[in-house]
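Please consult the sequence and the structure while reading.

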Amino acid sequence: MKKTLSNISCAIFAIFMIVSCSEPDANTPSNSDLGIYDLSFNPEVPQNDANPQDSVGYYHNQVVGYFVDNGANQTTDINTLINMTDSYFSNIYGKKMADSLTAILEKPETMTKLENNPSLNQSDLIDSLETWNAKGKISNTILPYYKNVVNALDDIDTTDIKTGYKPVINEIKDIEYSLKNNNEIDAEQKKKFYDFSSVARFSIYLWSNIKTNSDPQESNLTWGTVIGIAVADCEGAAEGAENPYTEFLTLTGQEYASVAVVVTFAAVHSFFAYMAAQ
């Protein structure tokens with residue numbers, strides 16, 4: 001297990017070094033102190049200018065890499081992952097803001113959600129989305145957009161080893177473009193969806209490239225696992241966008257930093273989903 005995750009760390013390093021060679025886009029989040037995880041936006045990164053929440057997916061990928069690079073392969077203890085998250089976001093938003101995030105994450109009810117085994121298939125996630133819809137957390141009008149993103153994850157081109165993720169990313173972008181022009185859905189519902197769809201794009205990109213760059217004799221990653229992890233990431237993003245997000249926003253009053261809650265839920269689910277698939 002440790003050797004496999006060590007190989008993933010090397011694969012992540014290779015991915016981030018390749019993309020960092022391109023000139024950063026003007027929309028790249030300011031994150032200059034994060035070394036190899038300064039994943040500059042460029043045509044090879046699954047950026048979508050039509051999604052105003054695209055920093056969520058961006059930071060999701062960086063946090064997953066940060067977990068691996070800082071020894072998360074040696075434990076699946078949730079407290080360790082929360083401490084790593086605190087350390088990571090301290091570099092971006094400052095220690096006080098990061099400590100507020102940790103205070104939210106360490107609540108027993110939040111810890112339970114983080115530790116629950118994430119969904120690894122689309123049907124389970126769609127069931128969860130329909131439950132959230134029944135509870136009024138996701139509106140009837142936007143639910144089909146969520147389902148379309150989940151179903152799009154199946155469209156990965158397994159015959160294209162290097163860029164098989166592109167059909168998925170392009171399809172999700174089309175869904176985002178169509179939502180942008182829908183004036184019947186309010187801004188809050190759109191924001192939650194954009195968190196979800198950004199994580200979907202960046203996750204499928206990250207794990208597809210990790211699979212491509214991993215030693216096949218050491219890695220247990222299959223295309224099914226890649227899709228399963230992306231599903232888990234999306235579930236985490238949807239959960240983080242609910243009560244934990246609201247609590248953090250109430251505590252800090254800083255909406256720009258509240259993205260950290262959604263990112264943390266998605267990244268922890270990502271890591272746990274990978275571990276569960278081994």
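At what angle do the axes of H8 and helix H9 cross? They cross at roughly 165° and come within 10 Å. The model is a predicted one, in which local features need pLDDT of at least 70, side-chain atom pairs count only at pLDDT 80 or more, and totals for chains, interfaces and linings use all residues. Residues are numbered from 1 along each chain as its sequence is written, and side-chain values use heavy atoms, with hydrogens and water left out.

**Overall architecture**

- The protein has 12 helices and 0 strands; these elements are DSSP runs numbered from the N terminus (helices are H or I with at least four residues, strands E with at least two).
- Of its 278 residues, 57% count as buried (under 20% relative accessible area, with a 1.4 Å probe and protein chains only).
- Among contacts (heavy atoms within 4.5 Å) with a separation of 6 or more, 71% join residues 24 or more positions apart.

**Packing of H8 and H9**

- H8 and H9 are therefore roughly antiparallel to each other (angles over 145 degrees, on a scale from 0 to 180 degrees between N-to-C directions).
- The contact is made by residues including Val168, Ile172 and Leu179 of H8 and Phe193, Ala200 and Ile204 of H9.
- By class, the residues of this contact divide into 10 nonpolar, 2 polar and 5 charged (nonpolar: Ala, Val, Leu, Ile, Met, Phe, Trp, Tyr, Cys and Pro; charged: Asp, Glu, Lys and Arg; polar: the others, Gly among them).

**Packing of H2 and H3**

- Helix H2 (residues 55-69) packs against helix H3 (residues 78-93) at an angle of about 125°, with the axes 10 Å apart.
- Tyr59, Tyr66 and Phe67 of H2 are among the residues that make the contact, as are Leu81, Tyr88 and Ile92 of H3.
- The contact of H2 with H3 has 10 nonpolar, 3 polar and no charged residues.

**Leu153**

- Leu153 lies in the loop between helix H7 (143-152) and helix H8 (166-180).
- Leu153 counts as buried because its relative accessibility is 0%.
- Beyond its neighbours within four places in sequence, Leu153 is in contact with Gln122, Val168, Ile172, Ala200, Ile204, Ile227, Ala230 and Val231.
- Leu153 and Ala230 are 77 residues apart in sequence, with their C-alpha atoms 7.8 Å apart in space.

Technical notes
Buried < 20%, exposed > 50% of the residue type's maximum accessible area, 1.4 Å probe, protein only. Parallel < 35°, antiparallel > 145°, perpendicular 65-115°, else oblique.
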